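Here is a short briefing on one protein model and its ligand. Take a look at the structure, then read the points below.

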Amino acid sequence: MTVMLGIDLAGRDVLMVGGGAVAARRLRRFLEEGACVRLVAPALHPDTALLVERFGLAWRPGRFRGSDVTGAWLVHAATGDARVDREVAERCERKRILCINASDGAHGSTRLTAQAEVGDVTVAVTSTVGADPRRSVAVRDAIVDLVGEGRLPLRRRRAGRSGRVDLVGGGPGPADLMTVRARRLIAEADVVVTDRLGPAAEIVRGLDPDVEVIDVGKVPGRHPVPQEEINRIIVERAAGGRRVVRLKGGDPFVFGRGGEEMQACLAAGIPVEITPGVSSAIAVPQAAGIPVTHRGTAAAFHVVNGQGRIGEGTLAALADATVTTVVLMGVAALDRLVAAALAHGVPADRPMAFVESGHTAQQRTTRTTLGRAVADAQVVGLRNPAVIVIGEVAAETLLLPSSDSIGAVLA
Ligand code: SAH
């Protein structure tokens with residue numbers, strides 16, 4: 001039987017007996033934990049010598065003596081000589097000092113675990129049937145992967161003082177287009193504040209029943225929860241010690257008001273971090289096979305909020321045949337945008353595409369041109385959410401082989 005203890009080595013005296021390569025590896029680990037490490041060895045491997053020099057470790061050159069263990073909380077025997085290691089372990093046993101014995105097959109009173117930090121947990125694995133470090137490492141890595149992907153129940157059951165807010169990008173819809181980090185943060189969250197867009201519905205279904213879910217989803221033209229209220233909700237929950245995930249469609253900093261939420265947290269002294277998401281500005285055109293840049297066709301792309309003022313920058317982008325204009329929240333403003341572009345001299349045959357509900361089962365793409373866009377939007381009944389693409393990349397034939405190259409292939 002082994003009892004695994006989480007021992008805080010910071011500032012504690014640890015003795016390493018041995019100066020070889022194994023000792024160097026273990027020393028690094030103790031040093032990372034902030035231990036005060038001493039060393040006894042007749043000679044040092046270059047790796048160990050480097051650590052002694054860099055960290056100014058106390059090294060007593062010579063063979064192990066019983067008195068070396070005095071004052072240590074933990075002793076590590078790694079002399080490469082099983083007899084000496086055993087002598088060290090026996091000495092520690094008598095003095096009731098924890099001892100790790102690195103000799104093959106032997107265990108001192110204490111074992112090192114295969115350990116890793118992931119999120120805010122430490123995973124440590126050891127074997128109960130004799131040392132088998134490679135197996136322990138493999139098991140540890142598998143657990144770390146699961147934790148990292150948010151597939152283990154990581155949520156804290158006890159409220160602490162570590163309230164915080166994570167502004168998390170959820171991508172355009174499917175949960176498997178979220179980042180691994182987003183999944184982990186959601187698995188750890190006490191409160192999830194969601195929007196209408198993105199993977200919210202699928203994610204909420206998988207949450208523990210006692211996770212508080214607050215839907216502040218906005219429908220264009222209708223704002224059920226004003227932004228100041230959202231800011232207040234996330235700050236207040238985090239100030240009460242809870243871990244808050246503010247889950248947004250796409251990326252939080254692309255027309256997501258993530259900047260304002262971050263400001264609110266910073267102003268209130270709440271720890272806040274941001275996790276990027278796949279933005280619909282790129283991913284939704286892509287879902288319809290439209291690259292926002294394409295060598296020889298589009299060298300830049302301009303992303304604009306269709307509800308906003310049509311500024312000089314947007315008009316310049318529209319007029320430039322080598323720039324793709326990507327319009328979010330543009331359905332209601334389509335007429336206005338098209339009229340402005342035409343008035344600015346953009347040719348009526350400039351290709352356009354509407355991509356509705358990208359990356360969902362309802363995805364629908366309509367190819368049109370600037371001149372026909374308004375009529376075609378009516379015919380198909382264009383609806384939110386949709387991304388509007390204006391530019392040569394929106395031409396249906398862009399990625400198809402040209403008749404010339406088909407000829408070349410056939411020839
Ligand atoms: N932060 C988000 C954008 C929020 S603005 C992002 O980075 O993606 C909301 C607009 O995004 C919608 O009006 C629509 O234009 C677009 N949008 C988001 N998800 C979409 C989807 N799955 N399909 C089509 N458009 C989408």
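Why does Thr110 count as buried? Thr110 counts as buried because its relative accessibility is 18%; buried means under 20% relative accessible area, exposed over 50%, and partly exposed in between (1.4 Å probe, protein chains only).

This is a predicted model: local features need pLDDT of at least 70, side-chain atom pairs count only at pLDDT 80 or more, and totals for chains, interfaces and linings use all residues. Residues are numbered from 1 along each chain as its sequence is written, and side-chain values use heavy atoms, leaving out hydrogens and water.

**Around Thr110**
- Thr110 sits in the loop between strand S5 (98-101) and strand S6 (114-118). Strands (E, at least two residues) and helices (H or I, at least four) are DSSP runs, numbered from the N terminus.

**Polar atoms at the ligand**
- A polar side-chain atom of Ser279 is 2.8 Å from a ligand oxygen atom.
- A polar backbone atom of Met329 lies 3.0 Å from an oxygen atom of the ligand.
- For Pro172, a polar backbone atom is 3.0 Å from a ligand nitrogen atom.

Note on methods: A polar contact is a pair of N or O atoms within 3.5 Å; within protein, one must be able to donate a hydrogen and the other to accept it, and residues adjacent in sequence count only if both atoms are side-chain atoms.
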